[in-house]
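Open the model in your viewer with the cartoon and the sequence panel side by side. The stops below go from loops to paired strands.

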Amino acid sequence: AWVPAAAGTFNWNDTINNPNNWGMVDSSFPNAVGDVATISTALAGAQTINLNQTITLGVLNLGDTLGTNSYTIAAGTAGSLTFDNNGAGAQLNAVASTGPNTISANIVVADAAGLTINNQATVTGKFLTLSGNISGGNVIINTTSLASPLNAITLNGANTFSNLVVIRGIVINNASSATPFGAGSILLGDTTPGNANAATVNNFASPLISNPITVNAGSSGNDR
């Protein structure tokens, strides 16, 4: 698990300190198909983590345990994130106690079952912003927290991922990206019989949404 709790800028691929930022004495760090990376400490202030290379993960758990300060996962020098969980479905989870977080590095969805993004924040107003470009397979939004109406996932990149499936939660675009919601279709709402989870897509920037959209009962979209 990630160790530093101080405010400031750190490197994911730290090979200088011993132990390194991940507490590893051999200077290793999460970077393989199926790896689980947990970045969740009691932050003393806002923290930026530079990737500095392509990092491959199966699961990323992210968030300040105090719910006050924020993490930013940035590219640094030519860095990016690839999500691949051996076909079991990759995960990006903002933990329950989290503050607002940003991933500004580009993301590649390489898992055949897609990438599920879950903002679990239990205090309202804790957005998860993905401002880098997302490419590859399907992106699934499934926000499980009861505070989900005010804990949106913000997609602001020039995204080319396959399809967007929003089972539960709110997805927002507030940047002038031509394709914030990917290159394919948008499906809103839970199709499981007996479930009525609400899903919403809000486009607060131009251009208008051009993706084909299917809206299940209880879900909605706004295109402004």
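Helices (H or I, at least four residues) and strands (E, at least two) are DSSP runs here, numbered from the N terminus. The model is predicted, and local features need pLDDT of at least 70, side-chain atom pairs count only at pLDDT 80 or more, and totals for chains, interfaces and linings use all residues. Residues are numbered from 1 along each chain as its sequence is written, and side-chain values use heavy atoms, with hydrogens and water left out.

**Loop between β1 and β2**

Select P19, which sits in the loop that runs between β1 (8-11) and β2 (36-39). Show the backbone from N18 to P19: the peptide bond joining them is cis, with omega about 5°. Then move to S27, in the loop between β1 and β2. S27 is a residue other than glycine with a positive phi, near 65°.

**Loop between β6 and β7**

Next select A78, in the loop between β6 (71-74) and β7. A78 is not a glycine, yet its phi is positive, about 60°. Is A78 buried or exposed? Buried means under 20% relative accessible area, exposed over 50%, and partly exposed in between (1.4 Å probe, protein chains only). A78 has 68% relative accessibility and therefore counts as exposed.

**The sheet β4-β7-β10-β13**

Two strands pair if DSSP finds at least two bridges between them. Colour β4, β7, β10 and β13: these 4 strands form an open sheet in that order, with parallel pairing. Its edge strands are β4 (54-57) and β13 (134-136), each pairing on one side only. On average, neighbouring strands of this sheet are turned by 20° against each other, direction ignored. For such angles, axes are lines fitted to C-alpha atoms, for helices over the stretch in contact, and angles run from 0 to 180 degrees between N-to-C directions.

Zoom in on β4 and β7 (residues 80-83), which pair in the parallel sense over 4 bridges. Pick L57 and look across to β7, where its bridge partner is F83.

**Around β14**

Now select β14 (residues 139-142) together with β11 (residues 115-119); the two pair in the parallel sense over 3 bridges. Which residue of β14 is the bridge partner of I117? The partner is I141.
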